[in-house]
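Work through the following exercises with the structure open beside you. Try each task before reading its solution.

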Amino acid sequence: MAFTSANQLELLQTAEAVAREKNIEPGLVVEAMEESLARAAKSRYGAEMDIRVSIDRKTGRATFTRVRTVVEDDELENYQAEFTVEQAKEYMENPEVGQEYIEEVPPVELGRIAAQSAKQVILQKVREAERDKQYEEFKDRAGTIINALVKREEYGNVIVDVGAGEAVLRRNEKIGREAYRPNDRIRCYIKEVRREQRGPQIFLSRTAPEFMAELFKMEVPEIYEGIIEIKAVARDPGSRAKIAVISYDGSIDPVGACVGMRGSRVQAVVNELQGEKIDIIPWNEDMPTFLVNALQPAEVSKVVLDEEAGKIEVVVPDEQLSLAIGRRGQNVRLASQLTGLDIDIMTEEEESKRRQAEFELRTKLFMDTLDLDEFFAQLLVSEGFTSLEEVAYVELDELLVIEGVDDDTAAELQARARDYLEAQATKALEAARELGVEDSLINFEGLTPQMLEALGKDGVKTLEDFATCADWELAGGWTTDGGERVKDDGVLEPFDVSLEEAQDMVMTARVMLGWVDPADLVAESEEDEDQPAEEAEA
């Protein structure tokens, strides 16, 4: 077809019609037309030519131009789209590398095949524009709730209509054995929006903890307004859930506000979650207090927190054990998710037995190493002494408070403890040398003979070996495997070496070996110190 004024206007009308139908910008359709016309022109004039088409947005007139770029002599590859500075002088004054020479060429007539090709290009561009629009619309809605219409079910996954496209509620994101029929209304949480080749993929969830949090935000105005904050959520979808809330207004009870008049607010959430029982718990900065709340309805006698290991021990009355653990461990599992800690529950009787066993073990330690009778060793343990190091290096006054201990006895106790520790250190150092531990590591400050022996057994024998260790390999740590926290034992963990201490020692070794510039460490340290201040100002 030739470009008469009639079909020039028709181009714009077609672009506007397509844009209206697909709800996209008319400019995108016009760009697609320009590209399709340029392709048709290349098939006429030659594929290697750089042919461009520009459609006037007002008149619809299509202008065809050929573009040639000025390049260096040794870079000339495409004679149809490029020319050298010397060749360009024929067409341009003072040509420079990178400049473009543009000349208008006669418009082409679209044959049947070219027209079909142009149509395909336009449709492709329109589809891409639709996908981009859909992605832009939903990418910022991730983390919110959407009402959708069920279209069909495929292999247990529910495909829903979200207005501008389709979304997927996977089988494992449904609550229990939920089943939906076409045209059912469904409320879901937008978990993830991904841009993919076949278009944006929108993944929904009804089992995510955030879904319950968003439902509460819809039902409780105080949460929406920020007066009450949801601090943590743990769910066993379709069965039971725990939600921790805090109020920033002393006059508003966070639990009462979430429950609502006669339980109306929480009941609305329960109904949406297929009858999931919800425990609403007051948040507390003090972790042991928060854990006591989280284990409701069970009563707790005592809590022992080990923050470094991320573990917490809970002691409950014997008759409360099954309630604290819950059916199939559900109660303690949800409390663990809520607090982010591993919870070890024991009865008062079990704790008493364990304390007795520890008491007997320490008593025997002092009897064997310090040559004491049972009564005197028990006195030491009762006063809180747990190791030989404490006896050997504690202030003398702390030994004198023990009944029957005078200056001479205290001095003798410390002398025995120090002699034993020195003998053990000498023995450990000899063992380390036999294992092949070199002087470069033995002379490293901060490592005791016992630590050196442990390192030697683990194959760490030189300063270079030590410098290549990760901090968690030395101090131990926790990793998540299949959703469960797994303990990684550290070589120096039995010696109470913290992660920070291990990191410092490894970095010191690297500096000594010249692997790390101390100036870089100082710069990083100053940057870390400045960071919180900058965040506070922001």
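## Exercises on packing and burial

**Exercise 1.** Which residues does L295 contact, leaving aside its neighbours within four places in sequence?

Solution. The model is a predicted one. With those neighbours set aside, L295 is in contact with V300, V314, A324, N331, V332, A335 and I345. Then judge its exposure. Buried means under 20% relative accessible area; L295 has 0% relative accessibility, so L295 counts as buried. Finally, compare sequence and space: D279 is 16 residues from L295 in sequence, and their C-alpha atoms are 9.8 Å apart.

**Exercise 2.** Describe the largest nonpolar core and the place of I280 in its surroundings.

Solution. Start with the members. The core has 25 residues, and those touching the most other members are M212, F216, I230, I243, L273, I278 and I280. Then ask where the residues come from. At least two are supplied by each of helix 5 (209–219), strand 10 (228–236), strand 11 (240–247), helix 7 (254–259), helix 8 (264–272) and strand 12 (277–282). Helix 5 gives the largest share, 5 residues. Now take I280: beyond its neighbours within four places in sequence, I280 contacts F216, I243, V245, V255, C258, V259 and V266. Another core, of 23 residues, lies apart from this one and includes A432, V437, V460 and F466. As background, nonpolar side chains tend to be buried together in soluble globular proteins.

**Exercise 3.** How are helix 16 and helix 18 arranged, roughly parallel or roughly antiparallel?

Solution. First take the geometry. Helix 16 (residues 407–434) and helix 18 (residues 449–457) pack at an angle of about 25 degrees, and their axes are 8 Å apart. Angles under 35 degrees count as roughly parallel. Helix 16 and helix 18 are therefore roughly parallel to each other. Their crossing is left-handed. Next list the residues that meet: on helix 16 they are Q424, A425, A428, L429, A431 and A432, and on helix 18 they are P449, Q450, L452 and E453. Sorted by class, this contact has 7 nonpolar, 2 polar and 1 charged residues.

**Exercise 4.** Which residues of helix 13 are buried, and what covers them?

Solution. In helix 13 (residues 374–382), the buried residues are F376, A377, L379, L380 and V381. Their cover includes helix 12 (348–370), helix 15 (396–400) and helix 16. After helix 13 comes G384, with a positive phi near 100 degrees.

Methods:
Residues are numbered from 1 along each chain as its sequence is written. This is a predicted model: local features need pLDDT of at least 70, side-chain atom pairs count only at pLDDT 80 or more; totals for chains, interfaces and linings use all residues. Side-chain values use heavy atoms; hydrogens and water are left out. Axes are lines fitted to C-alpha atoms, for helices over the stretch in contact, and angles run from 0 to 180 degrees between N-to-C directions. Helices (H or I, at least four residues) and strands (E, at least two) are DSSP runs, numbered from the N terminus. Angles under 35 degrees count as roughly parallel, over 145 as roughly antiparallel, 65 to 115 as roughly perpendicular and the rest as oblique. A crossing is left-handed if the near helix is turned anticlockwise from the far one by less than a right angle, and right-handed if clockwise. Contact means heavy atoms within 4.5 Å. Ala, Val, Leu, Ile, Met, Phe, Trp, Tyr, Cys and Pro count as nonpolar, Asp, Glu, Lys and Arg as charged, and the others, Gly among them, as polar. Buried means under 20% relative accessible area, exposed over 50%, partly exposed in between (1.4 Å probe, protein chains only). A nonpolar core is a set of buried Ala, Val, Leu, Ile, Met, Phe, Trp, Tyr and Cys residues joined through side-chain atoms within 4.5 Å.
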